[in-house]
Amino acid sequence: MKFVENIKYFFSVIGGLTDFTIRFFLEVFRPPYEISEIRKHMDELGVKTFSIVSVTGFIIGLVLGMQSQPVLARFGAEMFLPGMIALSVIRELGPVLTALIFAGRVGSGIGAELGSMRVTEQIDAMEVSAVDPFRFLVVTRVIATTLMLPLLTIYVDFIAILGGYVAVIITQNMTFPYYIQLILDAIRFSDLIPGISKTFVFGFVVGIVGSYLGFNASKGTEGVGKASTTSVVISSLLILLIDSVLVRLTLIIFPD
Amino acid sequence: MIRVENIYKRFGDLVVLNGVSFEVPKGTTTVILGRSGIGKSVLLKCIVRLIEPDDGKIFIEGKNISELSLKELNDLRKDIGFLFQSAALYDSMSVRENLAFPLVRHTDLSDSEIEERVKETLRLVGLSEAIDKMPSELSGGMRKRIGLARSLILHPKIMLYDEPTTGLDPVTSKEIAKLIIDMQNKFKMTNIVVTHDMVVALSTADRILLLDNGNFIFDGTPDELIKSEIDMAKKFLSTSLD
């Protein structure tokens, strides 16, 4: 019974999100553009997530390197390890894992912050003072998450490649420039574009889901908690679903 | 100045407002009195179109607010101050930023002029020293005062108070009531005060409306309310004497 209710709730959120997203695109191109507010949110998002994505990125590269090295060694293909680490990180692990961490850290924060503003009448106060709260609170946050996640992902990719190097030098005697050279030989332009491009979509998802659930929160502090946790669950699910579609799409556009 | 005609509002099966009508003349204070949860705040929020009534019309300065475009409505809202029950200060902003927010958004004042207006308004509510504090550092009474200062900063013609003394001790409640009177004497605004606090009602009102079961059961001056034989009015008066 609970499962059926959860499914119903999930689809009701998706329906509401669709309207919310349409409203976002109707508002986003209208001035004023609230540049300083967007910049402020981007700064906050960067500070909030910098340390956790740094640690995660390093460990992704390290563990991936350590796990893959013995397998490649069986086939005498250890020289392919740097390329394999870089390709795995750039094409899939970097974007998806960074997005999931971003959803947990930032999506829940947006849901809680806007939810709290809703139940304490701050959003009403903004509306009464003739400021459009949707533009000021939602549009700025969604733009910030959409722009910030790709930047964080590029950073995580670099850190993961560094982590991979640590895994490599545990078992092999390889200089860092040679490690980088092997990576550059392995990756192509068509490997970079899909990985980075989809993070714009993931960033948008995190921002819009957190904003939607927070902006429409009700029932006091219980509603704030629900907005926060539900935004993590919904955005994580959407990230994984969208990723599976985008991977297929990428393979069609870039068949090699 | 404010005219409310036959407002109906229901939430599911619960009828909250059942054909409410009243007028608030310019420069006067009307208090809407009633028990908690009776629909007073809903009525106040209908007046600024935060809640859409199911039926009825509301005119502010002769304009039917349900017919206004969003831009026209926002232009009108700049002339309306609204003190929320919870004060609704923006948590992420300091007191200075809270007060400056409407000025930054709606005026062409320079930074120094904004700073001066913020300080001047804080002096009015007696909280100059709180300018650099965050809302979380303020007591309930201070939050209400800062909320009032923010509502007044654009010098509105109309001021709406939603339960201005809820959650405050009797001494602070009296101070807030005095502040409402002081602001009225200074700015000559048109006020609607929604409350269940008889002290606030009797001290601030030119006229009192008693809301019960979706409509007004009393309409008169504070003196008339004191002499009223209506059961609910007597109950309110008896609680104020306790």
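Predicted model: local features only at pLDDT ≥ 70, side-chain atom pairs only at ≥ 80, totals over all residues.
Visitor: What is the strand order of the open sheet of six strands?

Guide: The order in chain B is β6-β7-β8-β3-β9-β10, with mixed pairing. An edge strand pairs on one side only, and here the edges are β6 and β10 (215-220) of chain B. Axes are lines fitted to C-alpha atoms, for helices over the stretch in contact, and angles run from 0 to 180 degrees between N-to-C directions. With direction ignored, neighbouring strands of this sheet are turned by 15° against each other on average.

Visitor: Which strands make up the open sheet of four strands?

Guide: That sheet of chain B has the order β2-β1-β4-β5, with antiparallel pairing. Its edge strands are β2 (14-24) and β5 of chain B. Strand β1 (residues 2-11) of chain B is antiparallel to strand β4 (residues 55-60) of chain B, with five bridges between them. Among the bridge partners in β4(B), B:Lys57 belongs to B:Glu5 and B:Ile60 to B:Ile2.

Visitor: Which helix packs on that sheet?

Guide: Packing is read from contacts: two residues are in contact if their C-beta atoms, placed from the backbone, lie within 7 Å. Helix α1 (residues 40-47) of chain B packs on the sheet and touches β1, β2 and β4 of chain B. Its direction makes about 125° with that of β1(B).

Visitor: How many residues lie between the two strands of the hairpin of β4(B) and β5(B)?

Guide: The hairpin has two residues between its strands, and B:Glu61 in the turn has a positive phi of about 50°. β4(B) and strand β5 (residues 63-64) of chain B pair over two bridges in the antiparallel sense. B:Lys63 in β5(B) is the bridge partner of B:Ile60.

Visitor: Why do the buried residues of α6(B) line one face of the helix?

Guide: An α-helix has 3.6 residues a turn, so residues three or four places apart point the same way. A residue is buried if 20 or more other C-beta atoms lie within 10 Å of its own, exposed if 12 or fewer, and partly exposed in between, with C-beta atoms placed from the backbone. The buried residues of α6(B) are B:Ser173, B:Ile176, B:Ala177, B:Leu179, B:Ile180 and B:Met183. Seen down the axis, these fall within an arc of 155°, so they line one face of α6(B); the arc is that of the directions from the helix axis to the C-beta atoms. They pack against α5 (140-152), β7 (158-162), β8 and α7 (198-204) of chain B. The face turned away from the buried side carries exposed residues, including B:Lys178 and B:Asn185.

Visitor: How far does helix α6 (residues 170-187) of chain B reach?

Guide: The expected span of a helix is 1.5 Å times one less than its number of residues. α6(B) has 18 residues and reaches 26 Å from its first C-alpha to its last, close to the 26 Å expected. Just after α6(B), B:Lys188 takes a positive phi of about 50°.

Visitor: Is B:Ala87 buried or exposed?

Guide: B:Ala87 counts as buried because it has 27 C-beta neighbours inside 10 Å. B:Ala87 is found in the loop between β6 and α3 of chain B. Not counting residues up to four places away in sequence, B:Ala87 touches B:Arg143, B:Lys144, B:Ile146 and B:Gly147.

Visitor: What does the secondary structure of chain A come to?

Guide: Chain A has eight helices and zero strands. Of its 256 residues, 44% count as buried.

Technical notes
Residues numbered from 1 in each chain as written. Chains lettered and ligands numbered in written order. Pairing = 2+ DSSP bridges.
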